[in-house]
Amino acid sequence: MDSHETRDAIRASVRALCNRFPAKYWRTLDAEREYPHDFVNALTEAGLLAALIPAEYGGAGLGLREAAVVLGEINHFGGNASACHAQMYVMNVLLRHGSAAQKQRYLPEIAAGRLRLQAFAVTEPNSGSDTTAIETTAVRRGDRYVVNGQKIFISRVLQSDLMLLLARTTPRAEGRKKTDGMSVFLLDLRKAQGLEVRPIRTMLNHATNALFFENVEVPAEGLIGEEGKGFSYILDGMNAERVLVASEAIGDGRWFIEKAVAYAQERVVFGKPIGANQGVQFPIAKAHTALTAASMLTEQAATLFDSHQSCAAEANMAKYLAAEAAWEAANACMDTYGGYGFAEEYDVERKFREVRLFINAPVSRNMALSYISQHVLGLPRSFT
């Protein structure tokens, strides 16, 4: 089976699974701010969340392009892949930088659904987008590290067994570069004594939290890769994250376009379908064009990632374009529906809230543009 056939087969599998979880399911979860346990369990049982795990560990052994199809199709169907997308991009950090012992210990359990790896703890209250300014520390004491500090906007902690954690093992001032001295740990949340999790209610159902670490102990074998090299490892995960989130945004955008087209054809005002009016047609067509371009760039970024080539520029551009295009599609759909777009039963307002997140996170559009300005165009760095 070639790559196109593989992706078509994955797309069909995801659609078949999503048919079991119609719009009412997501609408109810959104109203109650509940995590979609049944949906995530079904994805796991179908092997779809183990797409990136090598076959030798019980996974499908596929690439980022295939993982992008899974997440994009969930959103295209009307669901919300953010409930489980971290397992995809966090997986790359473990796959590319974890030890043989770590992979053997955790990957089969994750692939089988006996463990969930859904949490990725990087952002802090005082650092925001400046990851090098994180203040959470991990101090080596014998055969373990002791972690103290705070994290914020960390999703799915209460729904995970494992969490990837970035902390400083060397003070920033002591590093040759400000990116030195950070390390990545795989923390077993089931054994994390001294960790306080405070849920944060947001405008969308995202299961996000503030975390407080007080002398939380992590066994030394939880260190991923070399001590002090964690920033580069996280960048690998961030590039994968941007590609996957771009695919989710594109999936959302396609959902909005299809909803808008269908409604514009059936809604009759002044004796004709509103879709006959260029004022309705053109915004939908414009958003569709932008989504098509974003999809092509996302495919290119995923292909580069899978072939272990540099893809940071493409990943940032793809995420930027996809988020903008999806937001344009959301507004076109909302305008097409008019007042009905604000009614819960049509799901437009729910998806409208969900897709707005991609403009800001993960990586805001300004940070993406800053990267492109500096690293692609060669313009001076705009911040220190």
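This is a predicted model: local features need pLDDT of at least 70, side-chain atom pairs count only at pLDDT 80 or more; totals for chains, interfaces and linings use all residues.
Contact here means heavy atoms within 4.5 Å. Just after α3 comes glycine 47, whose phi is positive, at about 80 degrees.

Stepping back to the whole chain, the assignment gives domain 1 (3–112), domain 2 (118–228) and domain 3 (232–376). The centres of domain 1 and domain 2, taken over C-alpha atoms, lie 24 Å apart. Their contact draws on 24 residues from domain 1 and 21 residues from domain 2. Between these two domains about 1,800 Å² is buried, and carbon and sulfur atoms account for 56% of that area. On the domain 1 side, Arg33, Tyr35 and Gln102 lose the most area to domain 2, together making up 31% of what that side buries. Salt bridges across this interface number 0.

Side chains of opposite charge can pair when their charged atoms come close. The whole structure holds 21 salt bridges. One of them joins arginine 7 to glutamate 299, with the closest N and O atoms 2.7 Å apart. This pair ties together distant parts of the chain, since arginine 7 sits in helix α1 and glutamate 299 in helix α8 (residues 278–306), 292 residues apart. Arginine 7 is buried, because its relative accessible area is 6%, while glutamate 299, at 31%, is partly exposed.

A second salt bridge links aspartate 30 and arginine 33, where the closest N and O atoms are 3.6 Å apart. Aspartate 30 counts as buried at 7% relative accessibility, and arginine 33 as partly exposed at 24%. In helix α10 (residues 348–360), glutamate 349 and arginine 353 are 4 residues apart, so about one helical turn separates them. They too form a salt bridge, with a closest N to O separation of 3.1 Å. Glutamate 349 is buried, with a relative accessible area of 16%, and arginine 353 is likewise buried, at 15%. Salt bridges also connect Arg27, Asp252, Asp347, Arg350, Lys351 and Glu354 in a network.

Finally, the surface carries a nonpolar patch of about 280 Å², made by Val376, Leu377 and Leu379. Leucine 379 belongs to the segment after α11 (365–376) and is partly exposed, with a relative accessible area of 44%.

Conventions. Residues are numbered from 1 along each chain as its sequence is written. Side-chain values use heavy atoms; hydrogens and water are left out. Patches are made of residues with over 30% relative accessible area and no salt bridge: like charges are joined within 9 Å, nonpolar side chains (Val, Leu, Ile, Met, Phe, Trp, Tyr) within 5 Å. Accessible areas come from the Shrake-Rupley method with a 1.4 Å probe; for residues, only the protein chains shown count as cover. A salt bridge is a side-chain nitrogen of Lys or Arg within 4 Å of a carboxyl oxygen of Asp or Glu. Helices (H or I, at least four residues) and strands (E, at least two) are DSSP runs, numbered from the N terminus. Buried means under 20% relative accessible area, exposed over 50%, partly exposed in between (1.4 Å probe, protein chains only). Domain bounds come from an automatic or database domain assignment. Buried area is the accessible area (1.4 Å probe) that two parts lose on being put together, summed over both.
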